[in-house]
Amino acid sequence: VNCLQMMAADNNRFQFISLSDDIFDAISNKANEATELLEKWGMKNKMKFATFLYNKPFQVYQKNDFVLDFFQSSVVTDTLRVHAIDGHWAPISGKVTNITVKDVPCLQLNMGFFDHLYTSGVVRETGHIIKCFDEVMDDFLVSDELRKVLLDPDSANYGIFDETQRVEFLFRVFKHLALGGPVNQYEDTITPYLDVTKAIYKELSTVVKDQNTKKLQITSIVFEVTAMTDDSRVFPENPKHTQTFCYLIIDNARKQVKLWYHIWM
(Lines give C-alpha, C1' and ligand atoms only; values in the text may rest on other atoms or scores of the structure.)
Protein backbone atom coordinates (compact mmCIF):
# COMPACT_ATOMS: atom_id res chain seq x y z
CA VAL A 1 0.00 0.00 0.00
CA ASN A 2 2.81 2.42 0.82
CA CYS A 3 4.31 1.87 -2.63
CA LEU A 4 1.01 2.60 -4.30
CA GLN A 5 0.54 5.73 -2.18
CA MET A 6 3.97 6.93 -3.25
CA MET A 7 3.10 6.25 -6.88
CA ALA A 8 -0.14 8.23 -6.55
CA ALA A 9 1.80 11.28 -5.39
CA ASP A 10 2.73 12.14 -8.98
CA ASN A 11 -0.33 11.72 -11.17
CA ASN A 12 1.20 13.42 -14.18
CA ARG A 13 3.63 10.60 -14.94
CA PHE A 14 3.35 6.86 -15.17
CA GLN A 15 5.19 5.22 -12.31
CA PHE A 16 6.17 1.60 -11.92
CA ILE A 17 6.68 -1.17 -9.38
CA SER A 18 8.75 -4.23 -10.28
CA LEU A 19 7.18 -7.67 -9.80
CA SER A 20 9.33 -10.69 -9.08
CA ASP A 21 7.35 -13.26 -11.09
CA ASP A 22 9.52 -15.70 -13.02
CA ILE A 23 8.25 -15.75 -16.60
CA PHE A 24 10.87 -18.33 -17.59
CA ASP A 25 9.35 -20.77 -15.08
CA ALA A 26 5.83 -20.03 -16.30
CA ILE A 27 6.87 -20.65 -19.91
CA SER A 28 8.57 -23.90 -18.93
CA ASN A 29 5.35 -25.05 -17.28
CA LYS A 30 3.42 -24.34 -20.50
CA ALA A 31 5.91 -25.98 -22.90
CA ASN A 32 7.96 -29.07 -22.16
CA GLU A 33 11.71 -28.30 -22.05
CA ALA A 34 11.16 -24.67 -23.14
CA THR A 35 14.13 -23.39 -21.14
CA GLU A 36 16.42 -26.07 -22.59
CA LEU A 37 15.20 -25.30 -26.11
CA LEU A 38 15.83 -21.57 -25.71
CA GLU A 39 19.35 -22.43 -24.60
CA LYS A 40 19.79 -24.80 -27.56
CA TRP A 41 18.66 -22.02 -29.92
CA GLY A 42 21.26 -19.66 -28.47
CA MET A 43 18.71 -17.26 -26.94
CA LYS A 44 18.23 -17.98 -23.24
CA ASN A 45 21.38 -16.30 -21.94
CA LYS A 46 20.77 -13.18 -24.02
CA MET A 47 17.08 -12.83 -23.23
CA LYS A 48 15.24 -11.13 -20.39
CA PHE A 49 11.64 -10.96 -19.25
CA ALA A 50 10.36 -8.50 -16.65
CA THR A 51 6.97 -7.48 -15.25
CA PHE A 52 5.92 -4.15 -13.73
CA LEU A 53 2.78 -2.61 -12.29
CA TYR A 54 1.89 0.94 -13.28
CA ASN A 55 -0.15 3.51 -11.44
CA LYS A 56 -2.97 4.80 -13.64
CA PRO A 57 -5.11 3.80 -16.63
CA PHE A 58 -3.33 3.85 -19.96
CA GLN A 59 -4.75 5.23 -23.21
CA VAL A 60 -3.12 4.39 -26.54
CA TYR A 61 -2.61 8.07 -27.39
CA GLN A 62 -0.32 8.23 -24.33
CA LYS A 63 2.05 5.57 -25.70
CA ASN A 64 5.06 7.87 -26.12
CA ASP A 65 4.64 9.32 -22.62
CA PHE A 66 4.19 5.83 -21.18
CA VAL A 67 7.33 4.41 -22.79
CA LEU A 68 9.45 7.47 -21.94
CA ASP A 69 8.25 7.39 -18.32
CA PHE A 70 9.00 3.66 -18.29
CA PHE A 71 12.63 4.06 -19.34
CA GLN A 72 13.14 7.12 -17.13
CA SER A 73 11.77 5.33 -14.06
CA SER A 74 14.48 4.53 -11.51
CA VAL A 75 12.55 1.36 -10.63
CA VAL A 76 12.81 0.19 -14.25
CA THR A 77 16.43 1.20 -14.81
CA ASP A 78 17.43 -0.44 -11.51
CA THR A 79 15.73 -3.65 -12.68
CA LEU A 80 16.64 -3.88 -16.35
CA ARG A 81 20.00 -5.13 -17.54
CA VAL A 82 21.64 -5.04 -20.94
CA HIS A 83 23.98 -7.72 -22.26
CA ALA A 84 27.43 -6.12 -22.32
CA ILE A 85 30.15 -6.96 -24.84
CA ASP A 86 32.10 -8.89 -22.19
CA GLY A 87 29.11 -11.19 -21.68
CA HIS A 88 27.93 -9.77 -18.36
CA TRP A 89 24.57 -8.17 -17.63
CA ALA A 90 25.02 -4.47 -16.88
CA PRO A 91 22.70 -1.54 -16.03
CA ILE A 92 21.44 0.76 -18.77
CA SER A 93 24.11 3.40 -19.35
CA GLY A 94 23.04 7.05 -19.19
CA LYS A 95 19.70 8.84 -18.90
CA VAL A 96 17.12 7.97 -21.53
CA THR A 97 15.98 11.13 -23.31
CA ASN A 98 14.23 9.75 -26.40
CA ILE A 99 12.28 6.67 -27.40
CA THR A 100 10.68 5.06 -30.44
CA VAL A 101 7.37 3.22 -30.22
CA LYS A 102 5.98 0.97 -32.95
CA ASP A 103 2.48 -0.53 -32.73
CA VAL A 104 2.44 -4.34 -33.01
CA PRO A 105 -0.94 -5.97 -33.80
CA CYS A 106 -1.89 -8.74 -31.38
CA LEU A 107 -5.11 -10.30 -32.62
CA GLN A 108 -4.43 -14.01 -33.19
CA LEU A 109 -6.15 -16.42 -30.83
CA ASN A 110 -4.88 -19.85 -31.91
CA MET A 111 -1.98 -21.67 -33.50
CA GLY A 112 -4.01 -22.54 -36.60
CA PHE A 113 -2.38 -19.35 -37.87
CA PHE A 114 0.58 -21.56 -38.89
CA ASP A 115 -1.37 -24.31 -40.72
CA HIS A 116 -0.15 -22.94 -44.08
CA LEU A 117 3.29 -24.31 -43.25
CA TYR A 118 1.90 -27.86 -43.60
CA THR A 119 -0.01 -27.28 -46.83
CA SER A 120 2.59 -25.36 -48.83
CA GLY A 121 5.62 -27.65 -48.95
CA VAL A 122 7.46 -26.14 -45.98
CA VAL A 123 6.68 -28.82 -43.38
CA ARG A 124 5.73 -32.46 -43.97
CA GLU A 125 2.66 -34.03 -42.34
CA THR A 126 5.07 -35.64 -39.86
CA GLY A 127 6.20 -32.17 -38.76
CA HIS A 128 9.63 -32.48 -40.37
CA ILE A 129 10.91 -29.26 -41.95
CA ILE A 130 11.85 -29.69 -45.62
CA LYS A 131 15.55 -29.08 -46.27
CA CYS A 132 17.16 -27.05 -49.05
CA PHE A 133 20.67 -26.16 -50.22
CA ASP A 134 22.57 -24.04 -47.71
CA GLU A 135 22.92 -20.32 -48.24
CA VAL A 136 23.68 -17.41 -45.91
CA MET A 137 21.15 -14.60 -45.72
CA ASP A 138 21.21 -11.63 -43.30
CA ASP A 139 23.64 -13.39 -40.89
CA PHE A 140 21.54 -16.58 -40.90
CA LEU A 141 22.34 -20.00 -42.36
CA VAL A 142 19.31 -20.86 -44.47
CA SER A 143 19.22 -24.63 -44.82
CA ASP A 144 15.50 -25.36 -44.97
CA GLU A 145 12.22 -24.07 -46.39
CA LEU A 146 11.13 -22.60 -43.04
CA ARG A 147 14.04 -20.17 -42.94
CA LYS A 148 13.26 -19.22 -46.55
CA VAL A 149 9.66 -18.38 -45.61
CA LEU A 150 10.95 -16.18 -42.80
CA LEU A 151 13.79 -14.43 -44.64
CA ASP A 152 13.62 -14.66 -48.43
CA PRO A 153 10.96 -12.54 -50.21
CA ASP A 154 11.94 -14.24 -53.49
CA SER A 155 11.24 -17.77 -52.25
CA ALA A 156 8.25 -19.66 -53.65
CA ASN A 157 6.54 -19.93 -50.27
CA TYR A 158 7.19 -16.48 -48.86
CA GLY A 159 3.67 -15.41 -49.83
CA ILE A 160 1.91 -17.95 -47.61
CA PHE A 161 2.00 -15.20 -44.98
CA ASP A 162 0.99 -11.76 -46.20
CA GLU A 163 2.42 -8.52 -44.81
CA THR A 164 -0.53 -8.06 -42.43
CA GLN A 165 0.14 -11.49 -40.91
CA ARG A 166 3.91 -10.93 -40.73
CA VAL A 167 3.59 -7.94 -38.40
CA GLU A 168 1.33 -9.83 -35.97
CA PHE A 169 2.90 -10.42 -32.55
CA LEU A 170 2.29 -14.17 -32.81
CA PHE A 171 4.24 -14.33 -36.09
CA ARG A 172 7.03 -12.20 -34.61
CA VAL A 173 7.39 -14.52 -31.60
CA PHE A 174 7.59 -17.55 -33.90
CA LYS A 175 10.08 -15.89 -36.24
CA HIS A 176 12.35 -14.78 -33.39
CA LEU A 177 12.43 -18.32 -31.98
CA ALA A 178 12.95 -20.03 -35.34
CA LEU A 179 15.85 -17.72 -36.23
CA GLY A 180 17.41 -17.92 -32.76
CA GLY A 181 20.80 -16.55 -31.78
CA PRO A 182 24.21 -16.51 -33.51
CA VAL A 183 25.08 -19.92 -32.00
CA ASN A 184 22.01 -21.97 -32.78
CA GLN A 185 21.14 -25.63 -33.22
CA TYR A 186 18.18 -25.70 -35.61
CA GLU A 187 15.33 -28.17 -35.09
CA ASP A 188 14.48 -30.81 -37.69
CA THR A 189 10.77 -30.61 -36.83
CA ILE A 190 8.40 -27.68 -36.43
CA THR A 191 6.79 -28.80 -33.14
CA PRO A 192 9.37 -27.37 -30.69
CA TYR A 193 9.15 -23.93 -32.32
CA LEU A 194 5.35 -23.97 -32.22
CA ASP A 195 5.23 -25.21 -28.61
CA VAL A 196 7.55 -22.52 -27.26
CA THR A 197 5.87 -19.85 -29.42
CA LYS A 198 2.52 -20.79 -27.89
CA ALA A 199 3.95 -20.77 -24.36
CA ILE A 200 5.57 -17.33 -24.68
CA TYR A 201 2.54 -15.86 -26.48
CA LYS A 202 0.13 -17.15 -23.83
CA GLU A 203 2.34 -15.91 -21.01
CA LEU A 204 2.77 -12.42 -22.44
CA SER A 205 -0.72 -11.75 -23.83
CA THR A 206 -4.09 -11.49 -22.08
CA VAL A 207 -7.24 -13.20 -23.37
CA VAL A 208 -10.73 -12.37 -22.05
CA LYS A 209 -14.28 -13.36 -22.99
CA ASP A 210 -16.43 -10.53 -24.33
CA GLN A 211 -19.48 -10.36 -22.04
CA ASN A 212 -21.80 -9.46 -24.92
CA THR A 213 -20.64 -11.75 -27.73
CA LYS A 214 -19.15 -14.47 -25.45
CA LYS A 215 -16.23 -14.64 -27.87
CA LEU A 216 -12.61 -14.66 -26.77
CA GLN A 217 -10.49 -11.63 -27.58
CA ILE A 218 -6.98 -10.44 -26.81
CA THR A 219 -6.88 -7.20 -24.84
CA SER A 220 -3.08 -6.82 -24.75
CA ILE A 221 -1.51 -3.73 -26.30
CA VAL A 222 1.91 -4.48 -27.76
CA PHE A 223 4.69 -2.07 -28.72
CA GLU A 224 8.16 -2.62 -30.12
CA VAL A 225 10.33 0.00 -28.44
CA THR A 226 13.82 1.45 -28.33
CA ALA A 227 15.35 3.82 -25.80
CA MET A 228 18.12 6.34 -26.47
CA THR A 229 20.33 8.76 -24.59
CA ASP A 230 21.50 11.98 -26.22
CA ASP A 231 24.43 10.01 -27.65
CA SER A 232 23.24 6.55 -28.68
CA ARG A 233 20.65 3.80 -28.54
CA VAL A 234 20.96 2.01 -25.19
CA PHE A 235 18.00 -0.41 -25.04
CA PRO A 236 18.11 -2.62 -26.89
CA GLU A 237 21.70 -1.85 -27.73
CA ASN A 238 23.26 -1.15 -31.10
CA PRO A 239 23.91 -2.44 -33.68
CA LYS A 240 20.42 -2.91 -35.06
CA HIS A 241 19.46 -6.48 -35.94
CA THR A 242 16.19 -8.32 -36.52
CA GLN A 243 17.04 -10.49 -33.48
CA THR A 244 17.82 -7.52 -31.22
CA PHE A 245 14.42 -6.44 -29.96
CA CYS A 246 12.38 -5.17 -27.03
CA TYR A 247 8.60 -5.50 -26.73
CA LEU A 248 6.33 -3.99 -24.09
CA ILE A 249 3.02 -5.82 -23.60
CA ILE A 250 0.42 -3.84 -21.66
CA ASP A 251 -2.48 -5.36 -19.73
CA ASN A 252 -4.62 -2.34 -18.86
CA ALA A 253 -7.11 -4.25 -16.69
CA ARG A 254 -4.33 -5.36 -14.33
CA LYS A 255 -2.27 -2.17 -14.86
CA GLN A 256 0.61 -4.46 -15.71
CA VAL A 257 3.31 -4.24 -18.37
CA LYS A 258 5.58 -7.10 -19.40
CA LEU A 259 8.89 -6.69 -21.19
CA TRP A 260 10.56 -9.17 -23.53
CA TYR A 261 14.11 -8.35 -24.61
CA HIS A 262 16.77 -10.19 -26.61
CA ILE A 263 20.08 -9.15 -28.16
CA TRP A 264 21.94 -10.71 -31.09
CA MET A 265 25.50 -10.98 -29.84
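**Close-up views of a predicted model**

**View 1. The largest pocket holds about 470 Å³ of space.** Of its 23 lining residues, Lys102, Arg172, Glu224, Thr242 and Tyr247 sit closest to the centre. This is a predicted model, where local features need pLDDT of at least 70 and side-chain atom pairs count only at pLDDT 80 or more, while totals for chains, interfaces and linings use all residues. Residues are numbered from 1 along each chain as its sequence is written, and side-chain values use heavy atoms, with hydrogens and water left out. A pocket here is an open set of points on a 1 Å grid over the protein atoms alone, where a 1.4 Å probe fits, with protein on both sides within 12 Å along at least five of seven lines; lining residues have an atom within 4 Å of a point. Points are joined across faces, edges and corners, and the volume is the space filled by probe spheres set on them. Strand E5 (98-104), helix H9 (169-179), strand E10 (221-228) and strand E12 (245-251) each give at least two residues to the lining; helices (H or I, at least four residues) and strands (E, at least two) are DSSP runs numbered from the N terminus. By class, the lining has 10 nonpolar, six polar and seven charged residues (nonpolar: Ala, Val, Leu, Ile, Met, Phe, Trp, Tyr, Cys and Pro; charged: Asp, Glu, Lys and Arg; polar: the others, Gly among them).

**View 2. The largest nonpolar core has 52 residues.** Leu117, Leu146, Phe169 and Trp260 have the most contacts inside it. H9 brings the largest share, eight residues. Such a core is a set of buried Ala, Val, Leu, Ile, Met, Phe, Trp, Tyr and Cys residues joined through side-chain atoms within 4.5 Å, and buried means under 20% relative accessible area, exposed over 50%, partly exposed in between (1.4 Å probe, protein chains only). Apart from this core lies another, of 30 residues, including Phe66, Phe71, Val101 and Ile221.

**View 3. Helix H9 is mostly covered, with 10 of its 11 residues buried.** Among the buried ones are Phe169, Arg172 and His176. Leaving out residues up to four places away in sequence, Phe169 touches (heavy atoms within 4.5 Å) Val104, Pro105, Cys106, Tyr201, Leu204, Val222, Tyr247, Ile249 and Trp260.

**View 4. Strand E13 (residues 256-262) has seven of seven residues buried, so it is largely enclosed by the rest of the structure.** Both faces are covered: Gln256, Lys258, Trp260 and His262 on one side, Val257, Leu259 and Tyr261 on the other. Strand E2 (residues 47-54) pairs with E13 in the antiparallel sense over seven bridges (two strands pair if DSSP finds at least two bridges between them), and Met47 has His262 as its bridge partner. E12 also runs antiparallel to E13, joined by seven bridges, with Asp251 opposite Gln256.

**View 5. Two non-glycine residues with positive phi, Asp138 and Lys255.** Lys255 sits in the four-residue turn of the E12–E13 hairpin, with phi about 50°, and counts as partly exposed at 29% relative accessibility. Asp138, also with phi of about 50°, lies in the loop between strand E6 (131-137) and strand E7 (140-144). At 54% relative accessibility, Asp138 counts as exposed.

**View 6. A cis peptide bond joins Phe235 and Pro236.** Its omega is about -15°. Pro236 is in the loop between strand E11 (233-235) and E12.
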